[in-house]
Amino acid sequence: MDNMKVSELLDLTETIAADLFSDIEYPWQALPLIHDYILELGAKLDSDKYEQRGETIWIAKSATVFDSAFLAGPVIIDEEAEVRQGAFIRGNAIVGRNTVVGNSTELKNVVLFNRVQVPHYNYVGDSILGYRAHMGAGSITSNVKSDKTLVVIKGEGKQIKTGLKKVGAILGDCVEVGCNSVLNPGTVVGRNTNIYPLSMVRGVVPERSIYKAKDDIVKKQ
């Protein structure tokens, strides 16, 4: 199941949190580590480039954070990022360089790589979004199964038990998620894949694909 490994999904040169993934095989293994990692990394950030607000919030001086945005630590907002009006960051969040967190978007226990866009009415919880991943307006990650059992990643006829109750989605680099789509718990989307609007996605979607429906996934030419 190599297509679900960190090395196959994420460009670690495109995140301030590269060390978070250095000793793990699968991206979701980073989720329980985000809180402590932010505290460790935040304490090391260059005070000439980052402003510390309170005890556990670090914001790059070149970033733009609207007054109406709400941030609960621990949080790191990287350089040139934009956190727009009404954004709700509930903690345990790393927002990458040149990333956009938009109007009424909610984040919780996430790593957003550089140039990610979650710009309109998105919920992203317990998830990892790779470089240049984009979630269309109203698209969300669902991070808890309806029966509250532990999340299992299912793909290629195999299953991996995460041991976690909360896992949203893992989006590889340059994934495009169409408007008003739902990414069910444990969804993994390979690099350079497009998800059609209004999709309900679960399991593993291969890289360089177009997801039209569960039984209609085509490879890009």
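Modeller: Let's begin with strand pairing: two strands count as a pair if DSSP finds at least two bridges between them. Keep in mind that this is a predicted model.

Colleague: Okay, which residue in E5 is the bridge partner of Ile 59?

Modeller: Ile 59 pairs with Ile 77 there. Strand E5 covers residues 75–77, and three bridges join E2 to E5 in a parallel arrangement.

Colleague: And how does E1 run against E2, parallel or antiparallel?

Modeller: Antiparallel, with four bridges joining E1, residues 50–53, to E2. Arg 53 is the residue that stands opposite Ile 57 of E2.

Colleague: Now side chains. How do I read which way they point?

Modeller: In a regular strand, side chains alternate between the two faces of the sheet. Strand E2, residues 57–60, shows it: Ile 57 and Ile 59 point one way, while Trp 58 and Ala 60 point the other way.

Colleague: Are those four side chains of E2 buried or exposed?

Modeller: All of them are buried, on both sides of the strand.

Colleague: Let's move on to charges. What should I look for?

Modeller: Side chains of opposite charge can pair when their charged atoms come close. How many salt bridges does a search of the whole structure find? Eight. Take Lys 5 and Glu 25, whose closest N and O atoms are 3.2 Å apart. That pair links distant parts of the chain: Lys 5 comes in the segment before helix H1 (6–9), and Glu 25 sits in the loop between H1 and helix H2 (34–42), 20 residues away.

Colleague: How accessible are Lys 5 and Glu 25?

Modeller: Lys 5 has a relative accessible area of 23%, so it counts as partly exposed. Glu 25, at 39%, is partly exposed too.

Colleague: Which residue does Glu 51 meet in a salt bridge?

Modeller: Arg 53, with 3.7 Å from N to O. Glu 51 is partly exposed at 36% relative accessibility, and Arg 53 is partly exposed at 39%.

Colleague: What about Arg 90, where is its partner?

Modeller: Arg 90 forms a salt bridge with Glu 106, and the closest N and O atoms are 2.8 Å apart. Arg 90 lies in the loop between strands E7 (88–89) and E8 (93–95), and Glu 106 in strand E10 (residues 106–112), so the pair ties together parts 16 residues apart in sequence.

Colleague: Which backbone oxygen does the side chain of Arg 191 reach at 3.3 Å?

Modeller: The one of Leu 9. The backbone oxygen of Glu 8 also lies 3.4 Å from a polar atom of the Arg 191 side chain. Arg 191 is placed in the loop between strands E20 (187–189) and E21 (194–195). Among the residues it touches are Asp 11, Asp 173 and Glu 207.

How values were computed
Residues numbered from 1 in each chain as written. Predicted model: local features only at pLDDT ≥ 70, side-chain atom pairs only at ≥ 80, totals over all residues. Heavy atoms only, no water. Buried < 20%, exposed > 50% of the residue type's maximum accessible area, 1.4 Å probe, protein only. Helix = DSSP H or I, 4+ residues; strand = E, 2+ residues; numbered from the N terminus. Salt bridge = Lys/Arg side-chain N within 4 Å of Asp/Glu carboxyl O. Contact = heavy atoms within 4.5 Å. Polar contact = N/O pair within 3.5 Å; in protein donor to acceptor, adjacent residues only side chain to side chain. Lists of a residue's contacts leave out its neighbours within four places in sequence.
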